[in-house]
Amino acid sequence: MAADKFPVEAGHIMLFARSIGDANQIYYDDEYAKTTEPGAVIAPPTFVQASAQFDPNYFLRPKIGEEWFGSAKGPTGITQKKEGGGGGGGGGLHAEQHYVYHQPLKAGDVLTAETKPGKSWEKEGRRGGKLMFSETVTEYRNQAGELVVTATGVGVRTERPATSGE
Amino acid sequence: MPLKASELKVGDTYEKEVCRNLSRTQIVQYAGASGDYNPLHSDEIFTTQVAGYPSVFAHGMLTMGMTGGMLTDYVGDGRLRSYGVRFTSQVWPGDTLVAKATITGITEKDGEKIAEIDVETTNEEGTVVVKGQATAALDD
């Protein structure tokens, strides 16, 4: 996910922590957070995935004025069948996700996210058909230009559309 | 609280139930917070009638996020140095997941004592849903 400006906001961290069922007080209580080693509200380890919210072109978010492939009047909002898989990484289905943490990510940080392609490789699927893996490497830097998190997503595509089931 | 290298040994484990009877609503909560609104995770009509799955299913990143909560409970806040997983099986509404960490090594890097950790999350049937590794900085 590329983003020119990804503001890491306290309210967003609280909502994200709730959604992953993590009750750790450091994610929502700034008074408590001051007493901890990081000394401030920090983000959970997978929080940078939410940079999708700040990627103007993220394809898994409905866009104002555009058709959406989820159900509406009919089971899909578009007439032309469109591939809808993907949870990150290089598209298709999300096969792997890796993070390297360079420093704690704190509420108030403003990140940039720069994405570049990584390695790609192929494997024979267990049920036949080729599996095509591709890496996407995203570097998240803070307002001082310091590297905070390096994220490597691995996406996998099959020869068939990812949403056709197996 | 951070772990202490002097009190830790290879083979030590920690586990946590990270969700019980996972609800579709929690999956929707994750969609809203993360920004991944893929209908496969929230739209039962699309997912069953168009995509051909038996029901909606959780984002892999939701499972990785819940598993990360087990890790930070274990190693302490701000102590993770790396964390990576492979998504090995889908997670469905109704699943109960247990995330487990196993210490596989204690090393040193850039002047820090580091725990090497195997990570595995399983559902109620014993199927592994994510599998990976993490490293965390230790106190002496």
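**Entry 1: salt bridges across the interface**

I began with charge pairs between chain A and chain B. The rule finds one salt bridge across this interface. The model is predicted, so I took side-chain atom pairs only at pLDDT 80 or more. The bridge joins A:E37 to B:R79. Their closest N and O atoms are 2.6 Å apart.

**Entry 2: polar contacts and the side of chain A**

Next I looked up polar contacts. Twelve residue pairs are in polar contact across the interface of chain A and chain B, with both residues at pLDDT 80 or more. I then turned to the elements of chain A that touch chain B. I sorted the side of chain A by class.

**Entry 3: extent of the contact**

The area buried between the two chains is about 3,400 Å². Carbon and sulfur atoms give 56% of that area.

**Entry 4: strand pairing between the chains**

β2(A) is joined to strand β2 (residues 80–87) of chain B by five bridges. The two strands run antiparallel. In this pairing I found A:E96 opposite B:R86 in β2(B).

**Entry 5: salt bridges in the whole structure**

I widened the search to all chains. It finds 14 salt bridges. I looked at three of them, with the accessibility of each partner.

A:E122 is exposed, with a relative accessible area of 51%. A:K130 is partly exposed at 31% relative accessibility.

B:R20 counts as exposed at 58% relative accessibility. B:E17 is partly exposed, at a relative accessible area of 38%.

I read 3.6 Å between the closest N and O atoms. Which parts of chain B does this pair tie together? B:D140 lies in the segment after β5 (128–138) of chain B. B:K113 lies in strand β4 (residues 112–122) of chain B. The pair therefore ties together parts that are 27 residues apart in sequence. B:D140 is exposed, with a relative accessible area of 62%. B:K113 counts as partly exposed at 29% relative accessibility.

**Entry 6: the strands of chain A**

I went back to chain A for its own strand pairs. Strand β1 (residues 3–7) is joined to strand β3 (residues 110–124) by three bridges, and the two run antiparallel. A:P7 stands opposite A:V110 in β3(A). β3(A) also pairs with β4(A), in the antiparallel sense, over eleven bridges. Here I found A:K116 opposite A:V137 in β4(A). The hairpin of β3(A) and β4(A) has five residues between the strands. In that hairpin A:G128 takes a positive phi near 80°.

**Entry 7: one residue, A:T138**

I ended with A:T138, in strand β4 (residues 130–141) of chain A. Is A:T138 buried or exposed? It counts as buried, at 4% relative accessibility. The cut-off for buried is under 20%. I then looked for a polar partner. The side chains of A:T138 and A:T115 are joined by a polar contact of 3.0 Å. I also listed the contacts of A:T138, leaving aside its neighbours within four places in sequence. They are A:M1, A:A113, A:E114, A:T115, A:V149, A:T150 and A:A151.

Conventions
Residues numbered from 1 in each chain as written. Chains lettered and ligands numbered in written order. Predicted model: local features only at pLDDT ≥ 70, side-chain atom pairs only at ≥ 80, totals over all residues. Heavy atoms only, no water. Buried area = accessible area lost by both parts, 1.4 Å probe. Salt bridge = Lys/Arg side-chain N within 4 Å of Asp/Glu carboxyl O. Polar contact = N/O pair within 3.5 Å; in protein donor to acceptor, adjacent residues only side chain to side chain. Pairing = 2+ DSSP bridges. Helix = DSSP H or I, 4+ residues; strand = E, 2+ residues; numbered from the N terminus. Buried < 20%, exposed > 50% of the residue type's maximum accessible area, 1.4 Å probe, protein only. Contact = heavy atoms within 4.5 Å.
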